[in-house]
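The model is a predicted one.

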Amino acid sequence: MKIIKRGRTTNYGIFNFLSVNRKVRPDGIKKLAASFKTKNLMAVRPAICIQKDKKLWVIDGQHGIEAAKLLKIPVEYVVCVGIDPSDIALLNSKGGGPWATKDFLHYYCENGSKEYLRLAEFVKQYKFPLTVAVQLLGGNVADGSSTAKLVPFKDGHFKVKDIEFAKSVAATCDVLAKVGCRFSRLRSLVKAIAHIKQVFQFDDEKFARRLAYIPFQARANWKQYAEQIEEIYNYRRACSDKVSIVTELKKAGLYNQ
C-alpha cells in the first residue's frame, strides 16, 4: 500500500461508502464524536480511501467521517494505491477496528463467499448465535469465543466442515426448545450435544419422550449437561438397557476438553 495523497476537508460529500463495509451505526458515530471532543486523533488515524472513477471510496474510517460531519469538523484522510475493498476485513481482523463478528459475516457474504453464505443461512434457519454457529459448522465446539479462535473466520478462511452433523445437533436443540428450554442454543449445551453425537447413536425421539417426565435444568458447564442428558435418556429404562454416554465421552478423550 502506498499513500499518494493526504487531505483535510469539510466537504463530506466527496466520500463514498462501499456496500461490503459494515453498516454505519448511529451509536458508534455518537461515541466516536464524543471522543473527538476530548481528543481528536484523526490526524494520526485518517480515513483510508481509494480513488476510482474520479470518486473517493472509503476503505476504512467511515464512522470517523460521520462523526466529523456531526461535529462539523474537518475529515483527515489519505488516498492510497495498492489496496482495495478486499482488504477491508483484513484491516479489521487484527484488533485495529471494532468490527463485530456479524460485520465480518456481512462483508464476506457481500463478496459472494459460498462458505459464509452457507453459515448465514444456517444461522437464519436454526436461530443459533453467530459465534456458536461458527464453531459448530467449523468443527470446533470448544467453549469460549476468544479473538484467537475467531481469527480464521475473520480472515476469510472459514469452511463448513459437516453441515449434516450441524443440522443433527440443531435438531436436538429443537427438541429441547419445544419443551420450553430457553437456553437450547447456549454454547456449553451445544458443545455437550455435539460431543455426544460424535460418540453415540443418539435418538432424538426417545430423548423427547423422556423429557415429558423430567424437566431440563440449567447447568454450570458442558460436562454437567452431558451428565443430565444421560440421566434423562436412561429414565425408566431397565438397568441392562441403560447407556453410559459419559463413559463413551471419556473413551473418546472428549471429557477432558
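**Entry 1. The lining by class.** I began with the classes of the residues that line the largest cavity, and I found four nonpolar, one polar and two charged residues. I then listed them by name: Val132, Gln135, Leu136, Val141, Arg187, Val190 and Lys191. For the volume of this cavity I noted about 40 Å³. I also looked up how many cavities reach 30 Å³ or more, and the count is one.

**Entry 2. Elements behind the lining.** Which helices each supply at least two residues of the lining? I recorded α6 (130-137) and α9 (187-199). I therefore turned to the packing of these two helices, citing their relation as roughly parallel.

**Entry 3. α6 with α9.** I read an angle of about 20 degrees between α6 and α9, and their axes lie 10 Å apart. Angles under 35 degrees count as roughly parallel, so the pair falls into that class. The crossing of α6 past α9 is right-handed. On the α6 side I listed Thr131, Val132, Gln135 and Leu136 as contact residues, and on the α9 side Arg187, Val190 and Ala194. By class I noted four nonpolar, two polar and one charged residue in this contact. Val132, Gln135 and Leu136 of α6 take part in the contact, and these residues also line the largest cavity. Arg187 and Val190 of α9 likewise belong to the contact and to the lining.

**Entry 4. α8 with α9.** I next looked up helix α8 (residues 163-178), which packs against α9 at an angle of about 125 degrees with the axes 10 Å apart. This angle makes α8 oblique to α9. I recorded a right-handed crossing for the pair. From α8 the contact takes Phe165, Ser168, Val169, Thr172, Cys173 and Leu176, while α9 brings Leu189, Val190, Ile193, Ala194, Lys197 and Gln198. The classes in this contact are eight nonpolar, three polar and one charged.

**Entry 5. α9 with α11.** How far apart are the axes of α9 and helix α11 (residues 222-233)? I read 8 Å, with a packing angle of about 55 degrees. The two helices are therefore oblique to each other, and α9 passes α11 in a right-handed crossing. I listed Ser188, Leu189, Lys191, Ala192, Ile193, His195 and Ile196 from α9, facing Trp222, Tyr225, Ala226 and Ile229 from α11. This contact holds eight nonpolar, two polar and one charged residue.

Notes:
Residues numbered from 1 in each chain as written. Predicted model: local features only at pLDDT ≥ 70, side-chain atom pairs only at ≥ 80, totals over all residues. Heavy atoms only, no water. 1 Å grid on protein atoms, 1.4 Å probe; cavity = no way out; pocket = protein on both sides within 12 Å on 5 of 7 lines; lining within 4 Å. Points joined across faces, edges and corners; volume = space filled by probe spheres on them. Helix = DSSP H or I, 4+ residues; strand = E, 2+ residues; numbered from the N terminus. Nonpolar A, V, L, I, M, F, W, Y, C, P; charged D, E, K, R; others polar. Axes fitted to C-alpha atoms, helices over the stretch in contact; angles between N-to-C directions. Parallel < 35°, antiparallel > 145°, perpendicular 65-115°, else oblique. Left-handed = near helix turned anticlockwise from the far one by under 90°. Contact = heavy atoms within 4.5 Å.
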